[in-house]
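Please brief me on how this protein model is put together.

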Amino acid sequence: MHTLPEVTADRSPMGEALRVAATARRVAPPNPWVGAVVVTADGRSFSGATEAPGGRHAEVVAIDTARAAGAATAGATLFVTLEPCGHHGRTPPCVDAILAAGITTVVVAVEDPDPLVSGQGIGALRAAGVAVSTGEEREAAEDQLAAYLAHRRTGRPFVTLKLAATLDGRTAAADGSSRWITGEAARTDVHRLRAEHDAVLVGAGTVRRDDPELTVRLATGPDPLRVVLGRAPAGARVHPAVELSGPLEDVLRDLAGRGVLGLLVEGGATVAHAFHHAGLVDRYVLYLAPAFMGGSDGVPVFSGAGAPTIAGLSRSRILSVRQLGDDLRIDLAGARVAAPALAG
């Protein structure tokens, strides 16, 4: 998944909608985690976030909150981070609730690419005489909803590749030992990262070597679906796990069909290389420890052929850098992946 943007300093209605939307990330999937704010004609504000599947959508929560406080919603303005739905699903259409509330203006951050919604919610509101504008805080909303948007646009989850390495780019010693490269603060952050994703994936080799649990123990949140590429030993702590094999594109489509919007890939080096060189990584999260392996015999971040020339380096863009204890967390955008070197 994907880390949530810092929006708490923004006291605008859309900034507040983004803030409350962040609270729904771990409860709303496979629905989008949406925030909404109703601003009444007399200037009062009421917010709401999407509830667990089967519960109310953010727009309805905000409207109900306003009504519970005795506020008049007629003539109000609604700020919402994603286009309201206009179709019947587990709940009635949000468009109907907006119209019934007498809201006259709707401000939408991002249009919903889901074929059941795409433009239809906005179209229905405009057809009913509601003034609708789009694009306010679009970049922040798209970042916050990146996993959902990727799932709807591409038919696969948003893939985050997590890596932990020494400053000289090694993830394990020559004997295969890798615990612990980073410190406690970084390890706790990894658990938070897991909680922000719907599934976490490793290769069967990592399971055999490290026997990881892949649960959320050091942070608050639900355990992700655990996925193993290949077969995990019967007694491995990763169980119960989904075991998949085959082309990575097929694996991702399978997971998307299971409702996985955000996938965290934790490696090891062979799996990391496979996702990277297939161009399937949407975001990299790299934890760097202030340590050196000090030689060429340690395990590298990627195991496999790399760029054949310096001109073929995979280029990315740094999104954020944070210090966690003595370590650094660096978030990078998906890279332009170089063609693998040819065996010669």
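This is a predicted model: local features need pLDDT of at least 70, side-chain atom pairs count only at pLDDT 80 or more; totals for chains, interfaces and linings use all residues.

Residues are numbered from 1 along each chain as its sequence is written, and side-chain values use heavy atoms, with hydrogens and water left out.

**Terms for the sheets and helices**

- Helices (H or I, at least four residues) and strands (E, at least two) are DSSP runs, numbered from the N terminus.
- Two strands pair if DSSP finds at least two bridges between them.
- Strands of a sheet pair through backbone hydrogen bonds, either parallel or antiparallel.
- Contact means heavy atoms within 4.5 Å.
- Axes are lines fitted to C-alpha atoms, for helices over the stretch in contact, and angles run from 0 to 180 degrees between N-to-C directions.
- Buried means under 20% relative accessible area, exposed over 50%, and partly exposed in between (1.4 Å probe, protein chains only).

**The sheet of five strands**

- This open sheet has the order β2-β1-β3-β4-β5, and its pairing is mixed.
- Its edge strands, β2 and β5 (131–134), each pair on one side only.
- From one strand to the next, the twist averages 15 degrees.
- Strands β1 (residues 35–39) and β2 (residues 45–49) are antiparallel and share five bridges; G35 has A49 of β2 as its bridge partner.
- The two strands β1 and β2 make a hairpin with five residues between them, and G43 in the turn has a positive phi of about 90 degrees.
- Four bridges link β4 and β5, which pair in the parallel sense; V108 is opposite T134 in β5.
- Helix α1 (residues 13–22) lies across β1, β2, β3 and β4, and runs at about 145 degrees to β1.

**The sheet of eight strands**

- The strand order in this open sheet is β10-β9-β8-β11-β6-β12-β15-β14, again with mixed pairing.
- Its edges are β10 (242–244) and β14 (318–324), each of which pairs on one side only.
- The twist here averages 20 degrees from one strand to the next.
- Helix α7 (residues 184–195) packs on the sheet and touches β6 (158–166), β11 (262–267), β12 (283–289), β14 and β15 (327–333). The direction of α7 makes about 165 degrees with that of β12.
- Strands β8 (residues 199–203) and β9 (residues 225–229) run parallel and are joined by five bridges.
- Within this pair, L201 has V227 as its bridge partner in β9, and G203 stands opposite L229.
- Why is β9 largely enclosed by the rest of the structure? Four of its five residues are buried.
- Helix α9 (residues 248–257) lies across β6, β8, β9, β10 and β11, at about 160 degrees to β9.

**Helix α6**

- In helix α6 (residues 146–154), the buried residues are A146, A147, Y148, L149, A150 and H151.
- These buried residues pack against β3 (77–82), β4 (105–110), α5 (138–144), β6, α9 and β11.

**A loop residue, E51**

- E51 is in the loop between β2 and α2 (58–68).
- Is E51 buried or partly exposed? At 27% relative accessibility, E51 counts as partly exposed.
- Leaving aside residues up to four places away in sequence, E51 touches V27, A28, R56 and V61.
- E51 and W33 are 18 residues apart along the chain, and their C-alpha atoms are separated by 8.3 Å.

**Rings and charges**

- A charge sits over a ring if NZ of Lys or CZ of Arg is within 6 Å of the ring centre and within 35 degrees of the ring normal.
- The charged end of R25 sits over the ring of W33, at 3.9 Å from its centre.
- R187 lies over the face of W180, 4.5 Å from the ring centre.

**Cysteines**

- The structure holds zero disulfides, a disulfide being a pair of cysteine sulfur atoms within 2.5 Å.
- C85 is in no disulfide, and the nearest cysteine sulfur, that of C94, is 3.7 Å away, too far for a bond.
- Both cysteines are buried: C85 has 8% relative accessibility, and C94 has a relative accessible area of 0%.
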